[in-house]
Amino acid sequence: MKDKYRYYIQDMAVITFATFIVAVAVFFFMMPNNLAIASIAGLAIVLQKFIPLSVATISLIFNIGLLIIGFIFIGKEFGGKTVYTSIILPIFIGILEKIFPSYNGLTNDSFLDMICYIFVVSIGLSLLFNHNASSGGLDIIVKLLNKYLHIDKGRAMSLAGMLVSLSAIFAYDTKTVVLSVLGTYLNGIILDYFLFGTNIKKKVCILSNKREDIKKFILENMHSGATLYKVVGAYNNTEQEEIVAVVNKREYGMLMQYVRMTDPDAFLTVSTINEIMYKPKC
């Protein structure tokens, strides 16, 4: 129990730090150049032109609204970590706005700032992903599009991000719109690189004394599948049941986190799969 509590504290500390990194990227690189790059903060930058509120306040209002909609229409699939990051991200941005009220940019070059934003935000988002979290906002919209319009999550994220970028056309000049669209596109490519690619999957082999719990988690919480193998250890000839699951990048984060919390002594091997051929379940 103590190990789980300590792991939870460490997990939330990393998520808090990663969210702060995202806030730093937004405040220091995106906001000074009015770039609307694939995020609720990007949309808030556009709306700030028409609403007399700060980016942090607009982001917080939108995130709370999306959280309420998510709880109503998505329910249990909606993670507590998403709630946490959705709230603290605009709070961090608001704190930075108070500390640096007259900040006008780091490089005085909007293109360089866009590149810096992508690099810094990718670090934060990658840390969040590895701890089965997201920065909220668009992630909620993506889940809604996936659940009710059956749009693939990758395509839904691209669509939502591009619509945010194009919304800059109503508030800013052509250069800002082009940089927002380009930044959204490059951000997607960089994130795919950080998170081992959209089409690449991971094969996870698990030996654990908590195999029933892990198997139940894969089937009921991840809504995924697994294969069971009888294996015999060469050292003591003990027969065990090995769980083998092929997962995408988001499922991989969920599974690894659950196994670490449930059985820190579990033996795992992970390999990369570049191509699979199968008939999806109906």
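1. Contact here means heavy atoms within 4.5 Å. By that rule, helix α9 (residues 211-221) lies across β1, β2 and β3 (239-247). Helix α9 runs at about 20 degrees to β3. Keep in mind throughout that this is a predicted model.

2. In what order do the 4 strands stand? The order is β2-β3-β1-β4, in an open sheet. The pairing is antiparallel.

3. Look next at the edges. Strands β2 (227-232) and β4 (267-273) stand there. Each has a single partner strand, so one side of each has no neighbour in the sheet. On average, neighbouring strands of this sheet are turned by 25 degrees against each other, with direction ignored.

4. Strand β1 (residues 201-207) and β4 run antiparallel, joined by 7 bridges. Which residue of β4 stands opposite Lys 202? The residue is Thr 272.

5. Turn to the aromatic rings. The whole structure holds 8 aromatic pairs. One of them joins Phe 27 and Phe 28. Their ring centres are 5.1 Å apart, and the planes stand at 90 degrees, an edge-to-face pair.

6. Are Phe 27 and Phe 28 buried or exposed? Phe 27 has a relative accessible area of 5%, and Phe 28 has 17%. Buried means under 20%, so Phe 27 is buried and Phe 28 is buried.

7. Phe 27 has another ring partner, Tyr 103. Why does this pair count as stacked? The centres lie 5.5 Å apart, and the planes are at 25 degrees. Planes under 30 degrees apart count as stacked, so the pair of Phe 27 and Tyr 103 is stacked.

8. This pair links distant parts of the chain. Phe 27 sits in helix α1 (residues 2-30). Tyr 103 sits in the loop between α4 (80-99) and α5 (110-130). The two residues are 76 residues apart.

9. Tyr 103 has a relative accessibility of 22%, so Tyr 103 counts as partly exposed. Phe 27, at 5%, is buried.

10. The rings also form a group. Ring pairs link Phe 27, Phe 28, Phe 100 and Tyr 103 into a cluster.

Methods:
Residues are numbered from 1 along each chain as its sequence is written. This is a predicted model: local features need pLDDT of at least 70, side-chain atom pairs count only at pLDDT 80 or more; totals for chains, interfaces and linings use all residues. Side-chain values use heavy atoms; hydrogens and water are left out. Rings of Phe, Tyr and Trp (its six-membered ring) pair if their centres lie within 6.5 Å; planes under 30 degrees apart count as stacked, over 60 as edge-to-face and the rest as tilted. Buried means under 20% relative accessible area, exposed over 50%, partly exposed in between (1.4 Å probe, protein chains only). Two strands pair if DSSP finds at least two bridges between them. Axes are lines fitted to C-alpha atoms, for helices over the stretch in contact, and angles run from 0 to 180 degrees between N-to-C directions.
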